[in-house]
Structure formats: C-alpha cells, structure tokens
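Let's take a friendly walk through this protein and its ligand. Have the sequence and the 3D view at hand as you read.

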Amino acid sequence: MTEKTPRTLLISQINNGTVIDHITAGEALNVLKILGITGSTRECLSVATNVASGHIGKKDIVKIENRELRQDEVDRIALIAPRATINIIRNYEVFEKKGVTIPPLLQGVVRCPNPGCISNTKEPIQSTFEVTKKGLQCAYCDWLITEDIANYII
Ligand code: CTP
C-alpha cells in the first residue's frame, strides 16, 4: 500500500496589493474589521489563520488584491499585531516591506471605555490616548486599557 503524503495548502501569491504577514495568531478577523472589510465588500482577499511560522510560532496572514493601506490603518493594525509586516506587492514582486509601530499618541483611534469620559459626550473632542508601559491611557479621564484593545478601535 502506498503511503499518503500530506499536501501543503498554500495561499496563492498575489499580483498587486498588500500582504499583511506575521499577524498575531487569531487577530486576522480584527485586521479585516480595522480595514472595513465585511461580507459585503468586494475586495479579493485571502485569509489564513494559525499558520506555522518559524520565528513567532503561529501567525495569521491577510492578502488583499489591489489595495494599499493608509498610514492610519497601519497604525491601528500595530495595536493588535505589533509584529506584523506590511508587504506592498506590485507585479508579483515585493515592492516594499515595512514593519508597524504604535504611535506614542493615538488621536481618534481608540474609543474610551469610560461612558462618563468627556470624549464620549457630544462635545467636539477627539479621543486621545497615550501609549504607556501599562497600556493605553485616556488623556481626559486616565482610564487605562490593558486588554481587548480591538474592541475599542474606532
Ligand atoms: N507574497 C504574495 N504574493 C507575491 C509576493 C509575496 O502573497 N506576489 C507574500 C509571501 O507569500 C509572504 C509575503 O508576501 O507571505 C512576503 O513575501 P517575501 O518577502 O517574499 O517572504 P519572506 O522572505 O518569507 O518574508 P519575511 O522575511 O517578511 O518573513
């Protein structure tokens, strides 16, 4: 009897667009949420979750055809996937590869979980968080976000 060898399922290479690689395992759907991609958007995309990766154990990958990301989208991705790599693909080649960094000050990026915070009232005040070692700290009410950041991303 011939032994079956497992076949590896690969996500296809893309022609033009963006590959977000080395996403923290389990965060791919939150990345899609940040990019505004839902079941009814028309992007041609591939998503892989919990793929084996040499240096970070497991990772997620998102590939989007014909779209390059804005800096504010990359900054939001950094909050949930700080080791992500953004690869811009042109004509099947990696045209540009860059990491992500969390900016020290987040304005209009994260909603304050404190319902009484002035940034949640009708005042024309943009939410502002400082990135500290302890977590994200609201500049208005000092509320500290330490987990489930994806839930608060605007
Ligand atoms: N990729 C793709 N389509 C292409 C070119 C690259 O989907 N036309 C994907 C690769 O599959 C990989 C990512 O883009 O997930 C980065 O490609 P590359 O730099 O060639 O891979 P690595 O050297 O493994 O990247 P790194 O060093 O960042 O781990």
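Lys63 counts as buried because its relative accessible area is 10%, and the cut-off for buried is under 20%. Keep in mind that the model is a predicted one. To find Lys63 in your viewer, look in strand E3, which covers residues 57–65.

Lys63 belongs to the group of residues around the ligand. In its side chain, an N or O atom is 2.7 Å from an oxygen atom of the ligand. Val94 is also one of the residues around the ligand. Between the C-alpha atoms of Lys63 and Val94 there are 13 Å, and along the chain the two are 31 residues apart.

## The ligand and its shell

Asp21 has a polar side-chain atom 3.2 Å from an oxygen atom of the ligand. For His22, an N or O atom of the side chain is 3.2 Å from a ligand oxygen. On its own the ligand would expose 600 Å², and 65% of that is buried by the protein.

## Where the pocket sits in the fold

The ligand takes up the space of the largest pocket. Which elements give two or more residues to the shell around the ligand? They are strand E1 (17–24), strand E4 (85–90) and strand E5 (93–99). E1 makes the biggest contribution to the shell, with three residues.

Now step back to the whole chain. The protein chain has two helices and nine strands, and in sequence order they follow the pattern β-α-β-β-α-β-β-β-β-β-β. The C-alpha trace spans about 70 × 35 × 30 Å along its principal axes. The chain has 154 residues, and 40% of them count as buried.

Is Ile89 buried or exposed? Ile89 counts as buried, because its relative accessibility is 6% and buried means under 20%.

With a relative accessibility of 48%, Tyr92 counts as partly exposed. The backbone of Tyr92 deserves a check too: its phi is positive, at about 70 degrees, although Tyr92 is not a glycine.

Most residues other than glycine have a negative phi. Asn50 is not a glycine, yet it has a positive phi of about 55 degrees. Asn50 is placed in strand E2, residues 45–53. At 43% relative accessibility, Asn50 counts as partly exposed.

Thr128 is in strand E7, which covers residues 128–131. What does the side chain of Thr128 reach? It comes to 3.1 Å from the backbone oxygen of Gln126. Thr128 is buried, with a relative accessible area of 7%.

The loop between E7 and E8 holds Thr132, and Gly135 is also in the loop between E7 and strand E8 (136–138). Thr132 is partly exposed, at a relative accessible area of 28%, whereas Gly135 counts as buried at 13%. Each can be paired with a residue elsewhere in the sequence. For Thr132 and Pro104, 28 residues apart along the chain, the C-alpha atoms are separated by 7.9 Å. For Gly135 and Thr101, 34 residues apart in sequence, the C-alpha distance is 15 Å.

Key: Residues numbered from 1 in each chain as written. Predicted model: local features only at pLDDT ≥ 70, side-chain atom pairs only at ≥ 80, totals over all residues. Heavy atoms only, no water. Near = heavy atom within 4 Å. Polar contact = N/O pair within 3.5 Å; in protein donor to acceptor, adjacent residues only side chain to side chain. Areas by Shrake-Rupley, 256 points an atom, 1.4 Å probe, with all protein chains shown as cover. 1 Å grid on protein atoms, 1.4 Å probe; cavity = no way out; pocket = protein on both sides within 12 Å on 5 of 7 lines; lining within 4 Å. Sits in = over half its atoms within 2 Å of the grid points. Helix = DSSP H or I, 4+ residues; strand = E, 2+ residues; numbered from the N terminus. Buried < 20%, exposed > 50% of the residue type's maximum accessible area, 1.4 Å probe, protein only.
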